[in-house]
Amino acid sequence: MEKPLTQNIRPDREPLDIREYEQAGGYQALRQALQMSPLKIQEMVTDAYIRGRGGAGFPTGKKWSAVPMGDKARRPKFFAINADEMEPGTFKDRLLMEGDPNLVVESAIIASYAIEADVAYIFLRWAYKLAAQRLTKAIAQAYEKGYLGWNILGSSYSLEMYLHTSAGRYMCGEENGLLNAMEGKRPIPRTRPPHAVMVGIWGKPTAVNNVETIACVPYIVSHGSAAFKALSHTEEGGTKLYGVSGRVKRPGIWELPLGTTLGEIFHDYAGGMRDGYQFRGLLPGGASTSFLVEKHFDARMDFGSMDKTGSRLGTGTIIVLDDKTCPVGMVLNLEQFFARESCGWCTPCREGLPWLRDMLDAIERGAGILEDLEILQEHTWLLQLGHTFCALAPGAVMPLDGALKYFREDFENHIRQHRCPYRH
Amino acid sequence: MPTIYVEGQPYEVSPGLNLLHACLSLGFNIPYFCWHPAMHSVGACRQCAVKLFKDENDTKGKIVMSCMTLARDGTRISIADPQAVWFRKVAIEWLMLNHPHDCPVCDEGGECHLQDMTEMCGHVYRRTRFKKRTYRNQYLGPFLTHEMNRCIQCYRCVRFYRGYAGGRDFHTLAWHNSVYFGRHQDGVLQSKFSGNLVEVCPTGVFDDKTLARHYVRKWDLQTAPSICVHCALGCNTIPGARYGTLRRIRNRYNGDVNSYWLCDRGRYGYEFVNSPQRIRRPLLRNGDGRPTLAAKETALTQIGGVLRESRHVIGIGSARASLESNFALRCLVGPENFYLGTCRAEVQLLSAAIDVLRNGPVPSASLHEAAWADAVFVLGEDVPNVAPVLELALRQSTLRKPSDTIQDLHIEPWNDAALREAIQTEKGPLFLATTYSTDLDASATQAYHAAPQDIARLGFAVANLLDANAPSVPGLLAPIAALARQIAGQLAEARRPLVVAGVHCGMGAVLQAAANVAYALQRKNENTRICLAAPWCNSLGLGMMGGKCVDSAIDALRARGSTTLVVLESDLYRHLDVAEANNLLNTANHVVVLDSLRHKTTDKADFVLPAGTFAESTGTFVNNEGRAQRFFAVLPPAGEVQESWRWIGELLAASGQRSSAPWQTFDEIVEDLVRAMPAFAPVARAAPSADFRMAGQRIPRQSHRYSGRTAIHAAVNVHEPQPPADPDSPLAFSMEGYLNQPPSSLIPRFWAPQWNSVQAVNKFQEEVAGVLRGGNPGKRLIEPQADGQVEYFTEIPEAFERREGYLLVVPGYHVFGSEELSILSSGVAELAPMPYIAVNPEDAGKLIVRENGLVDVALSTTSHYLPVRIAPAVPPGLAVVPMGLPGIQWNGQPVWKKLLRT
């Protein structure tokens, strides 16, 4: 099977440097792309039906085609690569940036060309120090080789690229928070519409895409939309990086056809549960997705199929819950994270999440009351999308919602026994 | 007009509004926090949730924030939908999780928007049992208290302070549910608009520190509509009094004037009313020169005798006294003996300004129009310090053109954050030409600092570029010519250009240049406006009345023997040289002064009569726009204090000129004024006359919740006293009367059922943020000549040339310190700078003087020892001396002086 994302990545050695990358076929896609019109690339990406790998699953081609093109577009235009990967349990972009930084840079150049961007920013999570080093080197080498700067490879296209290391907040990775953070402002979300493609960084048209999303673009350019689409098991195109963490036999990350079933990933790649542990449930796509249980093992891990389960594909990085870990404690841990990472802009998120955290903490300490469960359940509706300003809080209540659905008994036991039954 | 459906009923609304704005305008109650009628929507608080339905068949609907949703034609919503009601109730519960519930000890209690909204949502009981978050509060200066624990994080404060008012030392700090609003460290808030936080904050985080010193609940304050006396803009205010003292000033919405805002001088300058320097009883000077208190009758008899015996009586009017008091004085002394209480140069400038407004073709701009201008050119005026609320308006004007240029992005004008993100820093055009740097410089497209002559030349050059019939400027330097081209280009392109000038830089040519620019623009664009700043609250009223300048009074006094000088509400030492003032006061055989405060002039008077301040008087001021605005007594004058016009009426009787005082009531003097001077005819219509009644009742100055009516005087007499009579207005010093909405000029407070906070103003407007019901108060007295012939001013000054060894001393201004009355308030005095002289580094080098080094400069024949401030923005050859600061004796006319190092 072809692995357009990870073909150059070997866990046992340093990433390819630019010469090796070129020898492995790197930067050929850029040469091909520059022979095409930007609109042609947009069209190919649209046909490939790649949905955004950052978690929201917005069709990339659709996003790019909304960017104002031609002479009338307000300039400069920007491309922002969202590399602020900070969702608990998610480590897929890290693999790409540390494992094949040149691919990320080449992808960013092609993507920028597709929307005629003048400047590209890679907005990187503060803690990804190694990725920062390797990307810095890859960008510098791309400049040396003429892949960046004025008149790239003799074409009329010019692009400047900067690595911007974030201040280290989850909200900086939210598309609009990212735009504000780039401008040196508080990373609060922005009102949409106008969308970033119209009013983005410095008020100018900006496309924001996830690292994994753009990393698919060179393959689409060099192999065509049909070939990309054929990589998957479903109508959504391409491969996907799936990760598994938790008490499984082989925690890890694999590039697999999009739409591989949950069970296949869990059993065949992660090797099932470690001896002595029973499977209880999992979060399929990072901390802001709802729990799934054994009956969902046949579900395909793509955006459309996952939505039907009541959860989401999210980032496609699975967190497994076992029978010796307290589900209340797990949800408490996640809500602590979300409450801490709320930007404080809108009331439901700023005030609601700490309240949830306090109630979960009380339940976990054995100080919970049954009314807490009602309030927790209420919040899964109150903090829905549209009720809050951005998607952080709706994401934050997804695991809670799932836990209340599948592990309610655990919550009740905590309250009834005035202690956490998982602790001795 | 789009039709929206609320609970299935159709309503027509104005196009382009958001649902919250539309529904509030329709009279529905939807709770809100982060939305503000002047600052619009950001969607942060999520309190204004309603149910939105796709069409008439949609029964499920979805929750949307009404402030973030356009009221499109056919929009169907429900405010009463149970889910929406529940969501709003929980939203209050969230906000209340950490709120201290300290209403009984909170200054905001009783006029708290959070209280009102909590009641409105039906939230009564918090289901949380966890610890509250607590904060450390900051010292923010003399005007504001800070109690962050009460904060509900609506972000209004920071949006006003930074986004609307351009402040830079106030921030959103911290994160998640610890978000904090304050400064990086304790210290005085630098913005002159900080006091608005008291009204912007929906709860008690920011409260009036001066009120806290003599605290009274809102419902216990006796209030009346009033006009700010601290500059010429005529901002509408609501002062509140209790136990005979003034306790605070609040904004009184007037859509044409100050809208929702006041500056801190206007809000906190009121304490002069309670000052120990107040004159409360008549004073007579004995034979040995010592002042003694006298009874009213004694004083009147004696002064009457003096006036009768004097062969010549001259009166000096006042630009800070009401139109009526000035008119009364004019009646007492006769028009030929009526002098304006300002020096020759200022009188000339003011007459020139009035001439431009009266005889020129360009209408004067209201503050509302200034805020909607899309290109502004300021000549000579330090707007932030001489007309602060105009600065706020100009700041808003810089958003107009950029908003127009991004129309293709289809961002609704109320979508504030989105609009600002799209505009970013591309603001303006706003061009400033001033003698030194001002607070607006950072927001200006270009800020040009030059001598007054050069400012005038730039203006003339711009006018010439706009209309070749306007005179050209010979010998203009290339960079100035380029700047003129840039300014002319932007003004010509604008849809609503505005020219701002005034009398403060002390040079008539600047005013004429500004007039030329406005005239030239008017020929191309009839939406052109001109705004001329003036120094005093009634400068225009006095100027329109007309009279000679005070300088010439001295000649008149000398010419004849046995003279009496009657000075109305002014300290001559602020307008004249010390020597001139001494001369004037010594030459007159008798000096009678009517004023509310002791000052140098009252100290030299033979007779002093206690005049009421604005707070104890009814009268009319004419603001810089030419708008006559009525103010009403907030508290009855105590003891022998009364309005100057009443005193003068009684003097007319006492001196035998009339058989009895000619004016028993305010309406009588207004009637006389209008008869004598028809230009003031609209003054009579500025507010209803005293016999006006609503449903047969007066408008009460006290709220229906006013407490202690029977107890306040119990220490004196247990019988409830008769409320003081008010023959001058339809208002009553009582809690009894008409409780519904009075005409806009008589609104004593904003209150509506369920709306106890200042947000109740929504209920008084025809459409929220629009005009008050029945029209905004005030009547314009000056309209331009409809078909007036445009005559350009042609006297172009020579370019400024430096003189070896001399500096041209020009006036500077400070919002805190330059104004006579407000500096008697402790907070204003605290923020007033020490006197100084500002010079360019180059000139400082020539003088061999360092920062704070002392120099001696003779101004108005008085030696001034002033520390030097080295200011690169002061053009070489100029020196700036701040006006009005204690210790500075100067009338502000530019003058060449030698600075001596001491």
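## Surroundings of B:G884

Leaving aside residues up to four places away in sequence, B:G884 touches B:G817, B:S818, B:E819 and B:E820, where contact requires C-beta atoms, placed from the backbone, within 7 Å. The model is predicted: local features need pLDDT of at least 70 and side-chain atom pairs count only at pLDDT 80 or more, whereas totals for chains, interfaces and linings use all residues. Residues are numbered from 1 along each chain as its sequence is written, while chains are lettered from A and ligands numbered from 1 in the order in which they are written.

B:G884 lies in the loop that links strand 36 (878-882) to strand 37 (895-897) of chain B. Helices (H or I, at least four residues) and strands (E, at least two) are DSSP runs, numbered from the N terminus. B:G884 is buried because 21 other C-beta atoms lie within 10 Å; a residue is called buried at 20 or more such neighbours, exposed at 12 or fewer, and partly exposed in between, with C-beta atoms placed from the backbone. From the C-alpha atom of B:G884 to that of B:A687, 197 residues apart along the chain, the separation is 34 Å.

Strand 34 of chain B runs antiparallel to strand 35 (residues 862-870) of chain B, to which six bridges join it; strands pair if DSSP finds at least two bridges between them. These two strands form a hairpin with two residues between them, and B:S860 in the turn has a positive phi of about 50 degrees. Strand 34 of chain B also pairs with strand 38 (residues 900-901) of chain B, in the antiparallel sense over two bridges. B:D856 stands opposite B:Y865 in strand 35 of chain B, and has B:L900 as its bridge partner in strand 38 of chain B.

## The parallel sheet of chain A

Chain A contains an open sheet of four strands in the order 3-2-1-4, with parallel pairing. Its edge strands, each pairing on one side only, are strand 3 (160-165) and strand 4 (206-210) of chain A. On average, neighbouring strands of this sheet are turned by 20 degrees against each other, direction ignored. Helix 6 (residues 101-114) of chain A packs on the sheet, touching strand 1 (78-83), strand 2, strand 3 and strand 4 of chain A, and its direction makes about 145 degrees with that of strand 1 of chain A. Axes are lines fitted to C-alpha atoms, for helices over the stretch in contact, and angles run from 0 to 180 degrees between N-to-C directions.

Six bridges pair strand 2 (residues 119-124) of chain A with strand 3 of chain A in the parallel sense. Within strand 3 of chain A, A:E160 stands opposite A:V119.

## Domains and the chain interface

Chain A is divided into domain 1 (18-230), domain 2 (239-322) and domain 3 (327-417), with bounds from an automatic or database domain assignment. Ten residues of domain 2 of chain A are in contact with twelve residues of domain 3 of chain A.

Between the chains, 32 residues of chain B are in contact with 28 residues of chain A. Strand 4 (62-65), helix 2 (82-96) and helix 15 (416-423) of chain B each supply at least two residues of the side of chain B that touches chain A.

Methods: Contact = placed C-beta atoms within 7 Å.
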